[in-house]
Structures are given as C-alpha cells and as structure tokens.
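Subject: Structure handover

Hello,

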Amino acid sequence: MKKQKGLVGILIGLVLLLVIGNPYFVSAQYPGIGFGTLNEKFKDEKDQIKDLSKEEKKAAKQALKEKKTALKQKAKQEKEEIKAKEKEGWELTFLDNFNGEELDPTKWKHAPEWPRQGGAGQWSDDEAFLNGEGQLIIQVSEKDGKYYSGAVRTRDLFEQTYGYYEIKAKIPKTEGYWNAFWLMTDGVHTVGNDGRDGTEIDIFESPFAKDGDYIQHAMHWDGYEQYHRSAGQVAHVPGIYEGFHTFALEWNPDEYIFYIDGQETWRTNAGGVSQVPAYMKITAEVGGWAGNIKNATLPSQMEVEYVRAYKKKD
C-alpha cells in the first residue's frame, strides 16, 4: 500500500513538471513571456498587490476609526442634548459639547492676551483649544521662563440675566495656578448700588488644590480697587480632583445657589443680587494665591466636557 502511494506521488509530480515546464502552457497563460520572466512578473504583481492591500487596509482602518469616532461623538452629543433639555422647569439656552477640531466661533472667543495677576502669567490663545475627542482644553505652559494660560469667553455672543449655568470638567490637582468657571459683566467696575449693577460670580475656582479637596465659590462687586467688596465660600468635596465633576449656579432675582455634583454647597444674596446680563468665562490663572508655579508639572490641563445654560420656563 505504501509502495502504491509512493508511485502515485511520483506520477503526479511528473505530470506537474511537464505541464508547468511546457512552453505552450506558459505562453498560453502569458503570451510572449518565458518561464523566468513569468516568475518575475508573478513577483512584481504579488508585490504590487501586497503594497496596494497594505495601503487599502491602512486606509480602511483609518476610515473606520474616523467613522467610529464621528458616530461616538454624534451619539454623545445627542445623548447630552436630550439629557440637557430634560431639566425640569428650565429651558436650554446654551449648549456646547466641544465636538469637532476647533472652538465654535458662534459661541466662544479667546479672551484678550492680557498679562494677569500682576504679570505672574499671561492669557494666550494657544493655551485654549479642542482636543478632537469632545473636550475643551484649558492649559498652562511655561515658555522661556514665562507662564501662559488659556481663557475663553462668550462676551457679545451669549449673555443672560439669571438662569442656571453648569460645567462638567476634570480639574488638575496642582500648585501655582487655578482654574475657574465664572460669570462677568462690565457693571462689576461700577461703584455704588452694591452688586445689583454687576457682579463677578465665580461658580468655581481651584486655588486651594495643593491643600486638599477644596473648591471655592466667590463674588466680587464695586470694582477691584478702593471700594472692592467680595464674599466667598470654600467647599470640601472628597475626590474633587479625581475624574469629572459638575459645577453649577442658579442665579435668580433673590439669591445665588451653588452646586457641586448636584449637591448644594452655598446659598447667598451677598451684595444684593446682580440684575444685569453676564457672559461666561472658562480660564486658568497663574498666581501666588495658588502656591509656587515652579512646583507645578507643566504643561497642565483642565478638560471640559460641556457647558450648559438655562433660563426659567414661563
């Protein structure tokens, strides 16, 4: 039996040799080409197919990745919009989920590139940008011994009197600078009538990150010089510098109510309640109030997932 199998194998081998070695077979398949040339052609075609397949495969993977990212962002946006609109008793007036590659110019502008905190730092357009993954980045960097930070605002694009304002952000636990989400109006500089003609409202700021899990809420009115007045509250929230959290303010004609992760942390009407439109700002500030910036690991970033604003339904 083994002998018969061996003979069959030899016969098959001879047949294949005759067929493949037959010039007619070669010329019939590839006219005008000898056996050696045929091998080269097969090699060239194989290489070309291999290269094309690799490129196509790479392109297909990239296209699939982009499609998945786009679908993920769209699903996230739709989910956030639905969730945002479901806030009972409130009407959504502003929403940014920070999708895309660039800041939406219909919603935000970079703040002027002013020196800040007595020259300790400077706002820079380069330090506020979208990361392409559905987040706004507010960054602090050091360049040639100078410190730069990001700042964006809705001035002349979105301003509102009263309402509910909310941000979802991941704040870095660092030293030498602080992040903030706040409302601002030119009336802050007007002296007299307390804060009713304009108040800076700091929904959150993080100057005490180096000291522990502390967040500050604050208000300022009657300018920033001789007649400056202010009030504030420090909230202790375990784990506040770990992961994403929400920071919110309800501003109504009678009082201000501050929230962290949906829990009330301060209620006040100090200074009287502002009665004029305000715009939103998201910033980082370098300054000694937060400690020594030289102890910070830079660049450092705050990540923002969304900003929302509402007004009371009639």
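A pocket here is an open set of points on a 1 Å grid over the protein atoms alone, with protein on both sides within 12 Å along at least five of seven lines, and lining residues have an atom within 4 Å of a point. Grid points are joined across faces, edges and corners, and a volume is the space filled by probe spheres set on the points.

The model is predicted: local features need pLDDT of at least 70, side-chain atom pairs count only at pLDDT 80 or more, and totals for chains, interfaces and linings use all residues. Numbering runs from 1 along each chain as its sequence is written, and side-chain values use heavy atoms, without hydrogens or water.

The largest pocket has a volume of about 470 Å³. Its lining comprises 22 residues, of which R116, W182, E200, Y224 and E285 are the closest to the centre. At least two lining residues come from each of β10 (177–184), β11 (200–205), β12 (214–221) and β17 (279–286); strands are DSSP runs of E, at least two residues, numbered from the N terminus.

The second largest pocket holds about 190 Å³. Among the residues lining it are K83, Y164, D261 and R308. β18 gives the most to this lining, with three residues.

A209 sits in the loop between β11 and β12. Beyond its neighbours within four places in sequence, A209 contacts P172, K173, T174 and Y241 (heavy atoms within 4.5 Å). Y241 is 32 residues from A209 in sequence, and their C-alpha atoms are 7.8 Å apart.

Regards

Notes: 1 Å grid on protein atoms, 1.4 Å probe; cavity = no way out; pocket = protein on both sides within 12 Å on 5 of 7 lines; lining within 4 Å. Helix = DSSP H or I, 4+ residues; strand = E, 2+ residues; numbered from the N terminus.
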